[in-house]
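Please open the structure in your viewer and keep the selection tool at hand.

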Amino acid sequence: MKRREFLQTLVHASEKESPELQAATASIAPWQPTADNPWDTNAINHLYHRLGFGASYSDIQAALKSSPAEIIQALMDDQLVTDGMPDPPDGWERWLIVPPYTGTVHELHQEEEDGYYTAKTDIRCQWTVLMSEPNVHLREKLTLFWHNHFVVDEETVYHPQSLYRYFKFLRGNSWGNFKDMVSEMTIMPAMLVYLSGVWSSKDSLNENYARELMELFTMGRVDKDGNENYSQDDIRQLALAYTGWRYLFDTTKQDLCQPYFANYYFDFDTKATPFGADSKVYGLLAAKQYALFTDSLDKIEADAIELLFQMRSEQIAWFICRKIYRSFVYDNADTPEGQQVVDQLAQMLLDNSWNLKPVMLTLFQSEHFFDPAFRGCNIKSPYEYMVGLMRKLDLEMTTYRAGSIWIFGMDTNQWIGFPPNVKGWPGYRTWLNSATLPKRNNNFAKQLIINGSIPGQGINPHNGFSFDPVGLIDYDVLSWARQFPDYAGDLTAFASQIGEYLCAIKPDDDTIAKIVSASGIIHTYEWASMEDSLKALPIRQMLFTTISLPHFQLC
């Protein structure tokens with residue numbers, strides 16, 4: 001596919017629907033490799049693209065000796081979201097356990113603001129490093145998924161103590177209980193600030209969270225049959241139930257930033273009937289745990305989140321399972337097979353009392369997930385592209401290199417910590433356009449592979465210099481290339497092995513011929529006996545040509 005043709009498939013993304021792929025099966029039974037659909041490099045790449053940020057050569061070789069089920073179950077080991085959680089980033093003792101300065105000295109406020117900027121930079125950099133670690137690929141991919149679902153942004157939240165608690169919660173509940181996640185997120189300090197819950201009271205009602213809770217976080221505006229899921233009156237009545245929540249900094253708690261319930265902002269006397277339910281005083285029963293005073297707490301008769309999940313259970317299950325499907329299988333969930341799979345997953349979520357792990361395990365191990373029709377049908381996000389390329393080339397992701405990656409992400413429309421709005425990143429075709437594709441190919445891939453180094457980007461707040469460059473010296477190129485069986489054999493076979501390893505869709509013979517031609521070697525028979533020192537440049541040229549293919553933008 002030519003570059004112009006490729007871009008023409010991506011323009012006016014918001015005006016086009018995702019193409020309908022014809023999957024061979026709607027089965028969610030465990031996949032068993034066959035002669036026609038083997039457990040090979042292509043299948044392993046598919047698994048690691050969807051459940052992580054790409055497979056290195058050693059990952060693929062190890063996976064060939066294992067089974068899909070063993071790998072997926074290891075990626076979803078509960079130990080990874082309990083004892084295996086990462087420590088806070090270096091320097092945490094300067095902000096994570098220190099309450100905000102409340103004095104009047106301007107210089108101290110400025111010093112704190114500078115420290116907060118550094119802390120949030122460290123949170124982002126640590127996360128990028130974690131994305132590159134193979135054993136926690138899925139946990140970090142799901143953290144990114146939930147960040148794009150329960151959206152907040154750094155600028156609005158401001159306090160890094162609150163932001164750290166938010167990301168820690170998402171990471172620790174990657175495949176947890178969805179209803180519990182919604183309950184906790186409702187009073188999460190970061191969300192209370194982002195959607196204005198801290199300013200909502202019985203006398204000055206703010207409907208932001210109640211509206212987004214239903215439209216974006218739980219069930220959408222309409223159900224799968226196009227029926228309205230809620231009314232404006234439902235929004236108002238639920239907003240009343242969520243009033244009274246604020247947050248404070250409590251040095252006696254492990255998480256310094258804590259929600260609390262301020263009784264005097266809540267209406268204990270007005271009964272409501274959201275979704276036509278029985279007339280009661282609805283609130284959050286968590287108020288009894290977090291209230292500063294016990295006055296009138298017994299007047300809260302029912303929990304509004306429990307009510308939501310009771311009255312709209314089928315709509316919620318379908319909505320979140322469809323979103324998981326669109327993120328991890330294919331953007332178009334409206335094919336006959338896609339609809340069947342989403343319906344099965346939604347019922348499984350209900351049957352498992354909102355626990356996500358059985359649903360995700362079933363989907364990720366299913367015949368439908370491994371259907372060859374879905375290989376290369378998604379478009380890599382900037383982080384999938386950048387982190388994935390570094391993993392593919394066996395380049396170490398360090399904290400200060402991660403700072404440069406973050407700047408490139410910002411420049412290509414994925415600024416982690418700063419989703420564009422409460423809806424999050426729309427993804428899919430929006431990742432690529434006539435501005436972002438050249439930045440990927442020229443500013444990132446060409447700088448790294450042809451020039452040998454991506455210059456450091458941005459300003460590192462720790463030292464005032466730019467973040468670290470990402471280098472690819474000839475020694476690295478040759479060490480990487482020696483992994484392939486035909487490094488010292490047939491040049492066309494070597495190019496084919498590179499293409500299959502790097503791309504979601506294996507390049508055809510004509511494309512392989514273009515990769516070989518890019519090497520600049522006229523007499524290909526000379527490749528096998530060529531000295532290593534002469535191979536570095538041809539390999540760089542073949543590598544850059546491969547990464548510039550549309551095949552590499554897909555996952």
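Two residues are in contact when they have heavy atoms within 4.5 Å of each other. Helices (H or I, at least four residues) and strands (E, at least two) are DSSP runs, numbered from the N terminus. The model is predicted, so local features need pLDDT of at least 70 and side-chain atom pairs count only at pLDDT 80 or more, while totals for chains, interfaces and linings use all residues. Residues are numbered from 1 along each chain as its sequence is written, and side-chain values use heavy atoms, leaving out hydrogens and water.

Begin by selecting residues 208-218, which form helix 11. Nine of its eleven residues are buried, where buried means under 20% relative accessible area, exposed over 50%, and partly exposed in between (1.4 Å probe, protein chains only). Among the buried residues are Tyr 209, Leu 213 and Phe 217. Which elements cover them? The cover includes helix 9 (178-186), helix 10 (189-194), helix 12, helix 14 (304-311) and helix 15 (313-328). Just after helix 11, select Gly 220, which takes a positive phi of about 75°.

Next, select Gln 237 in helix 12 (residues 232-241). Is Gln 237 buried or exposed? Gln 237 counts as buried because its relative accessibility is 6%. Leaving aside residues up to four places away in sequence, Gln 237 touches Ala 272, Thr 273 and Pro 274.

Finally, select Tyr 264, in the loop between strand 2 (257-261) and strand 3 (282-283). Its relative accessible area is 46%, so Tyr 264 is partly exposed.
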